[in-house]
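Subject: Structure handover

Hello,

Here is the structure I promised to pass on to you. Please have a look at it first, and then read my notes below.

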Amino acid sequence: MSSASATQSRPALEHYRTVFERRFAADPLVSERRAALTAFLEQGFPTPRDERWKYTNLRRLETRAFVPGEAAPIAFDPQHAPWIAQAGLRFVFVNGHFAPALSSAQAQLPGVTLVRLADRIKHEPAAACDYLSRASQQPLSSLEQLNAAFFEDGLFVQLAPGTQLDQPIHVVHLWTDQAQLGMSHPRLIVRAGADSRVTLIEQFISTGAVESFTNAVADLALERGAVIDHYRLQEESTKAFHIGHARVAASEQARYALHDLALGASLGRLDLTVYLKEPRAHAELRGLIAPTGSQHLDTHTRIEHIAPHTTSSEEYRGIADGRGRGVFNGKVLVHPGAQKTDAYQATRNLLLSRTAEFDAKPELEIYANDVKCSHGATTGQLDATALFYLRSRGISETDARVLLIRAFAQSVLASVGNAAVREHLDGLLAHRFGSLEVSP
Amino acid sequence: MLRIDNLHVRAGERQILNGLSLEVGAGEVHAIMGPNGSGKSTLAQVLAGREGYEVTAGTVTYRGRDLLALSPEERAREGVFLAFQYPVEIPGVNNVYLLKAGLNAIRKHRGEPELDAFEFLTLVREKMKLMQMDESFLNRGVNEGFSGGEKKRNEILQMAVLEPTLALLDETDSGLDIDALRIVANGVNSLRRPDRSIVMVTHYQRLLDYIEPDYVHVLSGGRIVKSGDKSLALELEKRGYDWIKQEAA
């Protein structure tokens, strides 16, 4: 059992209890929070003994005494804001605290309910309890419990049936330098009514080399025929700890699409689960995991085909450089009775240095007999023949490498409709993998 | 133009070229024929700078310079072009981008101004007409999903755009039906110039009906064992390669 590790990490866990009592003793949700804290303390931080954490050791996170982030007044020239400009309705949280001055005006939009969780906790604690509820009734992981104990702010989004929101909802989590190690446990809750449509952009960024701890939860539910386009852009400082959890429940004919970019953080981990609950629900996941330096970036996805005639398509790519280490674990689970499931999963990974590492593990678990499931995983280096081909046309070796790496990374951009997002992602890729000497 | 002297090349443990010598003058078209495994493709690859081959002896001089000392991109910028036997598919890199990046790198090297988008497209459209290629292909990934014939046409299109001084055609006829072969050959013929030399490596005489060589060489056991004019190719077609091997032995 995990009692030994729990004993070892007791001082780390006690730290969270102390911070909790100091911060939430008088909080309206204290009893719900305390239940979550207890669950977290019982389980402790996951250890590599847990199969799902085999490649990712949280000891470094555990031994640091993070405290809730402090609100910090900051001002940006809008031209040089670190977030995607002009992307839509913007909600900026600085060190975990809502920053109205940096956020865009919130006009009332027909069919759209947007509530900040901190407001609701303060003014209507009974209703805020709802936000601890969730789209699925699966047991929560210990880090999700930690979020439930410590969450202070975030966004609740509800779309009335048929609402088509043209502007994306853009949630920015920004870290600035703090006197103490800051942590934040934000929540994003989305309830997309029947046939509604929305684009969500979650962007996690830092100004400078901030050593922060983000433990973010997203809980998304799509009613019949709803469509969510979800961008998750993790661009935090390379000293940061970033843990993300997303659970998505899709009803009949709902479509969920994810574009997931893991570029930042010293240690990053995302756990994403999609529940395809009713026939013809569809999930489409595209991701890029790109550790460099000494970054460790881990993404675990799990797609559960619960109902018959559900479909999923998933493509994750990894590009590891320096001493970077990437992990992709993609599980597709076909429940008994989920006949006519159609699931495709591919992971392709590129190692750019001898010291880089990528662990890719596709997993299929199938309990129905009339299904179409396929998966593939490849890991390799840049194609020497392609490199030679480009060079034989006069292109320098450096440029040829950049071209091939960018081309490989580009797949995550396929089907990005929003121009501002596309431009931002292009810039991110150029920044990370280089731009070209030769004018295109 | 090109002078190969006593070239010995090894790939791993295997000796492939074994004292090959060849001289190609400006404006000449040379055909290098030979049985499978004789080293024809290795010669083309080594001249273009492919890694993985070790030159153990011999020299290659191109326009007075030591060709083997140059990187593949330097060779390309100096006017060497290799039409690949198996053109590489590179999804995510546009054809048009490759052509433009290559052309501008070469022009820059020559001290010529880079072409802007308009000038470049005008040039490419003209060359595409020559190769009977559809414009839609420009924005596709390099060779991505192309048929065998389209890939070979694309190689010659690249040659037409990059205007090399020395073109190496590696089995450009393989995998082509007769119509595609005609288009490819017409493309190559239209690029013949007094200051441009062409070395084509081929297994079959068929290509030489369309692109008439000045010289034909037979490669066997890593050396040129016989040279002649185009009548040699016809003789090979009739008699096969065995008699030459015997003659050489």
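Let me start with Ala250(A). Setting aside neighbours within four places in sequence, Ala250(A) is in contact with Leu222(A), Tyr256(A), Val274(A), Tyr275(A), Leu276(A), Lys277(A), Ala281(A) and Ala283(A). Here, contact means that the C-beta atoms, placed from the backbone, lie within 7 Å.

Before you go further: this is a predicted model, in which local features need pLDDT of at least 70 and side-chain atom pairs count only at pLDDT 80 or more, while totals for chains, interfaces and linings use all residues. Residues are numbered from 1 along each chain as its sequence is written, and chains are lettered from A and ligands numbered from 1 in the order in which they are written.

Ala250(A) comes up again in the largest nonpolar core, which has 189 residues; Leu222(A), Ala250(A) and Leu168(B) have the most contacts inside it. Such a core is a set of buried Ala, Val, Leu, Ile, Met, Phe, Trp, Tyr and Cys residues joined through C-beta atoms within 7 Å, where buried means that 20 or more other C-beta atoms lie within 10 Å of the residue's own. Domain 1 (3–278) and domain 2 (383–440) of chain A both give residues to this core, so it lies between them. The domain bounds come from an automatic or database domain assignment.

The centres of these two domains of chain A, taken over C-alpha atoms, are separated by 32 Å. Their contact takes twelve residues from domain 1 of chain A and eight residues from domain 2 of chain A.

Now to chain B. Leu168(B), met above in the core, is the bridge partner of Leu82(B) in E9(B). Strand E9 (residues 166–170) of chain B runs parallel to E6(B), and four bridges join the two. Strands (E, at least two residues) and helices (H or I, at least four) are DSSP runs, numbered from the N terminus. Both strands belong to an open sheet of six strands with mixed pairing, in the order E6-E9-E10-E3-E11-E12 (chain B); two strands pair if DSSP finds at least two bridges between them. At the edges are strand E6 (80–83) and strand E12 (223–228) of chain B, each pairing on one side only.

Finally, how do the chains meet, and how many residues does each give to the contact? Chain B gives 24 residues and chain A gives 19 residues. On the side of chain B that touches chain A, H3(B) gives the most, with eight residues.

Enjoy exploring!

Definitions and conventions:
Two residues are in contact if their C-beta atoms, placed from the backbone, lie within 7 Å. A residue is buried if 20 or more other C-beta atoms lie within 10 Å of its own, exposed if 12 or fewer, and partly exposed in between; C-beta atoms are placed from the backbone.
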